Amino acid sequence: MRVDRDTLLKELEMVSFGLSQREEINQSSCFLFQDGILWTYNDEISCRIKTSLPIEGAVQAKPLLEIVRKADSEELKIEQEENKLKIRGEKFKSVLGMEKEVRIELDKENEPSEWVPLNEDFSEAISMVQECAATDESMFELTCINICPDKIESCNGRQLAIYRIETNLKKSFLCRRNSIRQMVSLNMTEFSEAPVWVHFRNPSGLIYSCRRFVDYRYPELEKILNFTGIPVSLPKDLKDTIERVEIFSGERLEDMADVHILPNKMKITGQNAFGWLTEIREVQYSGEPIAFRIPPKLLLDISKRFSDILIGKDRIKVEAGKYVFVASIIELDKE
């Protein structure tokens, strides 16, 4: 059979999010072809789409994807022969081993049923809050994003982000950050809720499914938002300043940057065992001195997105429309 290379490549790349780097589950590192559907599965993500390649079985994903990517012709001749997949281009031919039987079975009780329009801001909300999810696997709930009927939120113990949005969900649930953040770039327009999975679909027919967790209790974050603080307008571009300060500071607590805000100026200092560096920037502020310690990369991320922040005794807050961000800081001597 002859297959358009670009069409097949697009199909393979779209479902590749469901692949596992290590085959912890049988065939989880394979492209699965079954009944005209191409799909992948790794226990937390599953992707599927109708395919232009009508073969049956499981093929190791990495070599197949690389062969199609680097093929030298617009059309490929592909044939399945027992446990082999033969691929021929203009200047090459290749044979891949394959398994004729797909041993992963789709859970029929968790198939998508009713499709509901996805809020057009859903992907943006996931993108903006996912950076605050934890990476420490000992805190399972905090490695997830909490998706609710009226908001999407995440927290890692030091930072939290909330995006207020009507999601049209029936019930709140958690999704692992590393699972759901992958769908942001896929132009999803619909979703369907199942007992263990939430499914998303885009106009190309790609179905991206994430395992969801409904029996975990997520921390109450709303109470952390209310505190007394002082409004400050940050300088427009802190990138060069932060890069210089980072020479003597880092992400560890003891290596954070010290920030002093005084009338009309902000002083940022990085210091470690090898030395220190201080830089002063102009700032629109006329109140009492403020001093705190913060990871420099976090300060840079805030300054890139926002200009106005609220600084309290032990935290800072940014509010921009539907989005709220709060981060812990360490209060310093104001002198």
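A: **Strand S13 and its surroundings**

S13 and S16 pair in the antiparallel sense, over 2 bridges. Here two strands pair if DSSP finds at least two bridges between them. Strands are DSSP runs (E, at least two residues), helices are DSSP runs as well (H or I, at least four residues), and both are numbered from the N terminus.

This is a predicted model: local features need pLDDT of at least 70 and side-chain atom pairs count only at pLDDT 80 or more, while totals for chains, interfaces and linings use all residues. Residues are numbered from 1 along each chain as its sequence is written, and side-chain values use heavy atoms, with hydrogens and water left out.

Now the cover. Both faces of S13 are covered. Phe173 and Cys175 are buried on one side, and Leu174 and Arg176 are buried on the other. Buried means under 20% relative accessible area, exposed means over 50%, and partly exposed lies in between (1.4 Å probe, protein chains only). Arginine 176 counts as buried because its relative accessibility is 14%.

The side chain of arginine 176 meets that of glutamate 137 in a salt bridge, at 2.7 Å from N to O. This pair links distant parts of the chain: arginine 176 lies in strand S13 (residues 173-176), and glutamate 137 lies in the loop between helix H3 (122-129) and strand S10 (144-147), 39 residues apart. A salt bridge is a side-chain nitrogen of Lys or Arg within 4 Å of a carboxyl oxygen of Asp or Glu.

Helix H3 is largely enclosed by the rest of the structure, because 6 of its 8 residues are buried. Those buried in H3 are Phe122, Ser123, Ala125, Ile126, Met128 and Val129.

**On from S16**

S16 has a further antiparallel contact: it pairs with S4 over 4 bridges. Cysteine 47 has tyrosine 208 in S16 as its bridge partner. Strand S4 (residues 45-50) is mostly covered, with 5 of its 6 residues buried. S4 also pairs in the antiparallel sense with strand S3 (residues 37-41), over 5 bridges. Tryptophan 39 stands opposite arginine 48 in S4. The hairpin of S3 and S4 has 3 residues between the strands, and aspartate 43 there takes a positive phi near 85°.

The side chains of lysine 151 and glutamate 222 meet in a salt bridge at 3.2 Å, N to O. Again the pair links distant parts of the chain: lysine 151 is in strand S11 (residues 151-155), and glutamate 222 is in the loop between strand S16 (207-213) and strand S17 (230-233), 71 residues apart. Lysine 151 is buried at 11% relative accessibility, whereas glutamate 222 is partly exposed at 24%.

**Charges elsewhere**

The structure holds 26 salt bridges. In another of them, lysine 317 and glutamate 319 have their closest N and O atoms 3.4 Å apart. Lysine 317 is buried, with a relative accessible area of 11%. Glutamate 319 is exposed, at 54%. Salt bridges that share partners also join Glu13, Glu66, Arg69 and Lys70 into one network.

Asp4, Asp72, Glu74 and Glu90 form a negative surface patch. Patch residues have over 30% relative accessible area and no salt bridge, with like charges joined within 9 Å. Glutamate 90 sits in the loop between strand S7 (84-88) and strand S8 (93-99). It is exposed, at 64% relative accessibility.

**A second sheet**

For contrast, look at an open sheet. Its 5 strands run in the order S20-S19-S18-S21-S25, with antiparallel pairing. S20 and strand S25 (330-331) are the edge strands, each pairing on one side only. Strand S18 (residues 257-262) and S21 share 5 bridges in the antiparallel sense. Alanine 257 stands opposite isoleucine 294 in S21. Glycine 287 belongs to the loop between strand S20 (275-282) and strand S21 (290-294). It is partly exposed, at 30% relative accessibility. The C-alpha atoms of glycine 287 and glycine 205 are separated by 56 Å, and the two residues are 82 apart along the chain.

Notes. Patch = residues over 30% accessible without salt bridge, like charges linked within 9 Å, V, L, I, M, F, W, Y side chains within 5 Å. Areas by Shrake-Rupley, 256 points an atom, 1.4 Å probe, with all protein chains shown as cover. Lys, Arg positive; Asp, Glu negative; His and termini not counted. Charge placed at Lys NZ, Arg CZ, Asp CG, Glu CD.
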